[in-house]
Amino acid sequence: MVQRIVPIFSGGGTRLPAHIGILRALEEIDVEFDSMVGISGGSIVAALYACKMPLEKILALATSTDFKQFRDFSLIRLLLHGGLSSGKKFESWLDKLLEGKTFADLDFSLHVIATDLNGGGPVVFNKANSPEMKISQAVRYSMSIPLIFSSTVYKKHLLVDGAILSEDALFNDWQGDGTPNVCFRLRSQLSAPSFDHRKRFMLPQYITMLIRTFMTALSREYVHANFWHHTVVIDTGNMSAVDFAMTPEQKTMLYNAGYETVKQFLPAKLAQLKH
């Protein structure tokens, strides 16, 4: 019997190839879904998939794309706008890939989540809440890692990375019919990043190290017992959400981690959800 779920692709930043592996595994397991939830790096993959880009093309794109092109760091921007990078280059890149699509253009039910610093809660972008918004804009909001990317204002919300949300904010009845959620969560290992004391300007390096440590620690928070049966944790090794200089080999490792973990553990999770 085919199991219907709502997959939640939570967090990731530049570790997004893991989410592509997750999707490949879902295609090979007896699950169906026509709703998806994307947060941070997970929202990038979810958006491309919801716009019917084949997984093979998404994987090739993630493997060949140099993430460093989106890291246009500026200390002036940090002082004026709260982030080293504007995120505009990324948003333009994604909008071109999505052919300018808005949520209203989708047959698929896509939910993209960002965090409102002005209250700490989730802001959800989808066909019901923001039909005319470009999907690329919502994804830009969702993957705004604090201090790395400038915070953005939407209506009365000051938006940053959706991965900062508390866990219970992700587990809504997204499809409106009780379809169970399964959250795919990436977890990194704490490691000592390389530190170059010879650099003349230390602040960008310091901020990157600070955010790397923060995002890694965030990913390692314990899964609450209430959500454990609905969560699959993917170990992404020592690669963090802000590793912009990943090699193709590292991206392939992330893809394999997502694929193999889901193939190994999701069937047992689904069996528990049926009872």
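Let's start where two helices touch: Pro17, Ala18, Ile20, Gly21, Ile22, Arg24, Ala25, Leu26 and Glu28 of helix 1 are in contact with Lys251, Leu254, Tyr255, Gly258, Tyr259, Val262, Lys263 and Leu266 of helix 8. Sorted by class, this contact comprises eleven nonpolar, two polar and four charged residues. Keep in mind as we go that the model is predicted.

Two packed helices are described by the angle between their axes and the distance between the axes. Here, helix 1 spans residues 17–28 and helix 8 spans residues 248–273; their axes come within 7 Å and cross at roughly 35 degrees. The crossing of helix 1 past helix 8 is right-handed.

In soluble globular proteins, nonpolar side chains tend to be buried together. The largest nonpolar core in this model has 65 residues, and the members that touch the most others are Leu26, Leu110, Phe125 and Phe184. Leaving aside residues up to four places away in sequence, Leu26 touches Ile5, Pro7, Phe9, Val31, Phe33, Phe184, Val262 and Leu266.

Next come the charged pairs. Side chains of opposite charge can pair when their charged atoms come close. The structure contains eight salt bridges, and one of them joins Asp34 to Arg4 at 2.9 Å, N to O. Asp34 sits in the loop between strand 3 (31–32) and strand 4 (35–39), while Arg4 belongs to strand 1 (residues 3–4), so this pair ties together parts that are 30 residues apart in sequence. Both ends are partly exposed: Asp34 has a relative accessibility of 36%, and Arg4 has a relative accessible area of 33%.

Because Arg24 is in helix 1 and Glu56 is in helix 3 (residues 55–64), the bridge ties together parts that are 32 residues apart in sequence. Arg24 counts as buried, at 17% relative accessibility.

Our last pair is Lys52 and Asp107, whose side chains meet in a salt bridge at 3.0 Å, N to O. Lys52 is in the loop between helix 2 (41–50) and helix 3, and Asp107 in the loop between helix 5 (88–97) and strand 6 (109–116), so the pair ties together parts that are 55 residues apart in sequence. Lys52 and Asp107 are both exposed. Elsewhere, salt bridges with shared partners link Arg4, Glu32 and Asp34 into one network.

Conventions:
Residues are numbered from 1 along each chain as its sequence is written. This is a predicted model: local features need pLDDT of at least 70, side-chain atom pairs count only at pLDDT 80 or more; totals for chains, interfaces and linings use all residues. Side-chain values use heavy atoms; hydrogens and water are left out. Axes are lines fitted to C-alpha atoms, for helices over the stretch in contact, and angles run from 0 to 180 degrees between N-to-C directions. Helices (H or I, at least four residues) and strands (E, at least two) are DSSP runs, numbered from the N terminus. A crossing is left-handed if the near helix is turned anticlockwise from the far one by less than a right angle, and right-handed if clockwise. Contact means heavy atoms within 4.5 Å. Ala, Val, Leu, Ile, Met, Phe, Trp, Tyr, Cys and Pro count as nonpolar, Asp, Glu, Lys and Arg as charged, and the others, Gly among them, as polar. A nonpolar core is a set of buried Ala, Val, Leu, Ile, Met, Phe, Trp, Tyr and Cys residues joined through side-chain atoms within 4.5 Å. Buried means under 20% relative accessible area, exposed over 50%, partly exposed in between (1.4 Å probe, protein chains only). A salt bridge is a side-chain nitrogen of Lys or Arg within 4 Å of a carboxyl oxygen of Asp or Glu.
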